[in-house]
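Thanks for asking me to look this one over. Here are my notes, written to be read with the model open beside you.

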Amino acid sequence: MTQTVPFGKKFKETYFTNINPQYTAVNHGSYGLFPDKIFHRYVEEMKKDLYNPDNYVKVQQPETYKKALQTLGEFFHCDYRNLALVDNATTGVNTILRSFPLDKGDKIVYPSTIYGACGLTIKFMVNRYGIEAVPIELVYPLEETEILSKFEKVFKEQKPKIALFDVVISMPGVKFPYEEMTELCRKYGVLSLIDGAHCAGLNPIDLGKLRPDFFVTNLHKWLFVPRVCASLYIDKKHHRSVHTLPVSHSYLDDNSKVSAEDEENWLVDRFTFIGTKNFASIAVIGDCIRFRQEECGGEQAVYDYCHSLAIKAGDAVSKIWGGPVLQNKAKTLVSTMVTVELPLEQFGLSITDFTGNYVETIEYVFGREFQEYNTYVPVIVHNKKMYGRFSAQVYTELSDFEVAARKVVEVFNTLADDPKFRKLSGKSKL
Ligand SMILES: Cc1ncc(COP(=O)(O)O)c(C=O)c1O
């Protein structure tokens, strides 16, 4: 549990040598990245597969799957038999929404800031099954109490069947009061479906205490598991009501009779194999957790470093950009991701110019970031303001965020100078 190599540049040079040294990697939150040791373990596992695919898939894979669940059960402080492994958070949310028995007219409540793919899954449920969507408008910055009371009002007045909410919202990258929300769901008899795409490896989590109905977390984002891999928690009482996506060999009717032992292992047996794929990620989950314990000093040490770096990074970017960190009075919004306003006026641009050309402009910004500046800072418009999101990770240090922030300024300067986008005159003041 003692970390020997300091986090930041040195840690990157020691453990993350696959990252392009010219690339300013400040966007861990989007796709994750994993250390060299895990890469080698992953390749080893692929070799085991290639050595004898029949044995690997038929014999080893079910054992590896169960072992991975047991490791995760300890990691999440819950019974491993309440866990399943799926490809990603989107699949996890889809698995629940598309198989749990929801009736026409059942209401699903969710924040307006919900991840795009999940929002569209709800739209599909509305169109195909007549589920009623109840979005709750969230305009940040907000206090947690404000968010909770908005949901409570809807819980009381509209009696929704299920609530879908995040641990950390994608954009803007702010922490959501998911623990209090889970409690609120319990109080009002609303099913809780938690999208923890950003959770495992981002902050320590105790599912035994949280006791949600459904919870999915990507392991390939913050936990250093190679893509693709996510863990889906399903409360015991719902095991029979959820089916794999795709429905596959393991399908049993909701009311099938099985032995007591099979009942205990219902979820494990259903989700172990639902189609051919690469299983190497599952095999290295334990190695990832071990790497984090042995080389990083454990989950709390990782969180403490990344959270305090995100705060410092936010302040540094704020100085460069001249806009505030997206934060509330209680200071609960920053996790290991931080979101900072980029005031457009300084580039001679206004938000209305920007939103008028939203898709084109976003493509321009991201294209320039990639091709000319070797970085990627996701930007969005929220509350009529432009924001950029930064992710702190053990291989980053403060200077990475300063460099990335300056690169974004250059991108916006070129954008403002481009007659195609410039609606107002004036040069950057930065
Ligand atoms: C809140 C949230 N939910 C879901 C997802 C989707 O994750 P995946 O693409 O791994 O399914 C993301 C991705 O960033 C996210 O931020």
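The points below go from the basis of the model to its domains, ligand, helix packing and backbone.

1. A word on the basis: this is a predicted model, where local features need pLDDT of at least 70, side-chain atom pairs count only at pLDDT 80 or more, and totals for chains, interfaces and linings use all residues. Residues are numbered from 1 along each chain as its sequence is written, and side-chain values use heavy atoms, with hydrogens and water left out.

2. Start with the domains, whose bounds come from an automatic or database domain assignment. Domain 1 has two segments, 9-33 and 298-417, while domain 2 covers 40-290. Their C-alpha centres are 28 Å apart. Across the boundary, 32 residues of domain 1 are in contact with 28 residues of domain 2; contact means heavy atoms within 4.5 Å.

3. Next, the ligand. The side chain of Lys221 places an N or O atom 2.7 Å from a ligand oxygen. A polar backbone atom of Ala89 is 3.3 Å from an oxygen of the ligand, and a polar side-chain atom of Ser170 is 3.5 Å from one. The protein buries 88% of the 400 Å² that the ligand exposes when taken alone, with areas from the Shrake-Rupley method and a 1.4 Å probe.

4. Which residues of H4 meet H13? They are Ala68, Thr71, Leu72 and Phe75, and their partners in H13 are Ile285, Gly286 and Ile289. H4 (residues 53-76) and H13 (residues 285-294) pack at about 35°, with axes 9 Å apart. Helices are DSSP runs of H or I with at least four residues, strands are E runs of at least two, and both are numbered from the N terminus. Axes are lines fitted to C-alpha atoms over the stretch in contact, and angles run from 0 to 180 degrees between N-to-C directions.

5. Do look at Arg227, in the loop between S6 (214-218) and S7 (230-234). Beyond its neighbours within four places in sequence, Arg227 is in contact with residues including Tyr31, Phe34 and Ser281. A polar atom of the Arg227 side chain lies 3.1 Å from the backbone oxygen of Tyr31.

6. Finally, the backbone. Most residues other than glycine have a negative phi, and most peptide bonds are trans. The bond from Arg227 to Val228 is cis, with omega near -5°. Leu245 and Pro246 are also joined by a cis bond, with omega about 5°. Asn383, between S9 and S10, has a positive phi near 55°.

Key
Polar contact = N/O pair within 3.5 Å; in protein donor to acceptor, adjacent residues only side chain to side chain.
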